[in-house]
Amino acid sequence: MPSGFRLDTDGWTKEFDECKRLAQETLQLIQERNLRHPNGGPEASRLSAAARKKLGTLGVQLDKLLRWLDSPEAESLSEPEKNRRRDLIYDLRSRREGMQMSIKRSTGAADRDALFSGAGPSGPLPPRETEATAELDNRGLLGLQQAVMRRQDEELEAMEKTVASTKHIALAIGEEVDLQTRLLDDLADDVDVTQSRLKAATAKVKQLMRDSSNCRLGVCVFLLIVTLVVVVILTVKLARFL
């Protein structure tokens, strides 16, 4: 389906029929590979690559058909009809995923296998072909590998910056914790000093209260003595008059 192509309901049906044709052709390629080349080889790799290419095209077309059902151009369709067409797309998607899973045998010539794995016939099994590499030659594979390595380097640099930033934040937090700990220690010392001063002041207050009690007792005794002397004097004088 060309980019920017506007569909109507009939055009959608034609495009979906084209998707079903692609799915059927892909299935035939997979069956031919499995029946005629069960042990692999260059022809099996070619059939697998062709099948993957058709599956990639099928996936793009199914996505566009599904998006069209959610666009304003599909407003003329009833909701049940939209749901029916969505079910058709989902069913064809499931068939496509099943065909992708059935393509397990790696493809490519010996130089491609060496480029991916670097192993000889007695080495480990080569990696599986992907849609991104199915149609690439050796030079294209080398360019793809270099692009992937550059992207990995950029991701590592970004991760390194993130780790360094996190380290600086951790150091700042550690310094703040140390400062708060010192402040708490100083506060604890001040509390101890204040508590000692409070105890001393309390003892002085108690002593003062005791001293005040003794002073009042002395005053009372003095007044009693004075009263007694006055009484004795008055008694003597009264006795003289009598």
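Predicted model: local features only at pLDDT ≥ 70, side-chain atom pairs only at ≥ 80, totals over all residues.
**View 1. Salt bridges across the structure.** Welcome to the overview: the structure holds eleven salt bridges. As background, oppositely charged side chains can pair when their charged atoms come close. The views that follow look at individual pairs, including E25 with R21, E43 with R46 and E79 with R86.

**View 2. E25 and R21 pair within helix 1.** Here the closest N and O atoms of the E25–R21 salt bridge are 2.3 Å apart. Both residues belong to helix 1 (residues 9-36), where they sit four residues apart, about one turn of the helix. E25 has 23% relative accessibility, so it counts as partly exposed. R21, at 36% relative accessibility, is likewise classed as partly exposed.

**View 3. E43 and R46 pair within helix 2.** In this salt bridge, the closest N and O atoms are 2.5 Å apart. Helix 2 (residues 42-69) carries both E43 and R46, three residues apart, about one turn of the helix. E43 is partly exposed because its relative accessibility is 32%. For R46, a relative accessible area of 45% also gives the label partly exposed.

View 4. E79, by contrast, is partly exposed at 46% relative accessibility.

**View 5. A network of four residues: E18, R21, E25 and K54.** Salt bridges that share partners join these residues into one network.

Note on methods. Residues numbered from 1 in each chain as written. Heavy atoms only, no water. Salt bridge = Lys/Arg side-chain N within 4 Å of Asp/Glu carboxyl O. Helix = DSSP H or I, 4+ residues; strand = E, 2+ residues; numbered from the N terminus. Buried < 20%, exposed > 50% of the residue type's maximum accessible area, 1.4 Å probe, protein only.
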